[in-house]
Amino acid sequence: MNKKNKKPLPHSATKTELIAMYCNQFSEAKIRNQINEILKEKNISKDIKMIPHLEFMEFVETYGLPKGYYLDD
């Protein structure tokens, strides 16, 4: 796997960062709706800015790694 042109996936991200990571794959509305859905299932307010690590990883597992990122083992 070539990591040269890729960035390591962060531990967690804000919603703005999440949208920026996935905007070339999904619409902003879809990204926002899906992360809010995950937060709602975990009883976390959708008004938070920083997405907790586990919920961030659930999004990544559901939609795949964003283009240009790799998962650090």
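**Ground rules.** I number residues from 1 along each chain as its sequence is written, and side-chain values use heavy atoms, with hydrogens and water left out. As the model is predicted, local features need pLDDT of at least 70 and side-chain atom pairs count only at pLDDT 80 or more, while totals for chains, interfaces and linings use all residues.

**Entry 1, Lys15.** I started with Lys15, which lies in helix 1 (residues 15–22); helices are DSSP runs of H or I with at least four residues, strands are E runs of at least two, and both are numbered from the N terminus. What is the nearest side chain of opposite charge to Lys15? I found Asp47, 6.1 Å away. Lys15 is buried yet has no salt bridge. Buried means under 20% relative accessible area, exposed over 50%, and partly exposed in between, with a 1.4 Å probe and protein chains only. A salt bridge needs a side-chain nitrogen of Lys or Arg within 4 Å of a carboxyl oxygen of Asp or Glu. For charge, Lys and Arg count as positive and Asp and Glu as negative, with His and the chain ends not counted. Leaving aside residues up to four places away in sequence, I listed the contacts of Lys15, among them Arg32, Ile35, Asp47 and Ile51; contact means heavy atoms within 4.5 Å.

Next I looked up the axes of helix 1 and helix 2 (residues 28–41), which come within 10 Å and cross at roughly 130°. Axes are lines fitted to C-alpha atoms, for helices over the stretch in contact, and angles run from 0 to 180 degrees between N-to-C directions.

Leu18, Met21 and Tyr22 of helix 1 meet Phe56, Phe59, Val60 and Tyr63 of helix 3. I also noted Gly64 following helix 3, with a positive phi near 85°.

Is His11 buried or exposed? His11 counts as exposed, at 56% relative accessibility. I placed His11 in the loop between strand 1 (7–8) and strand 2 (13–14), and found that His11 touches His53 and Phe56, not counting residues up to four places away in sequence.
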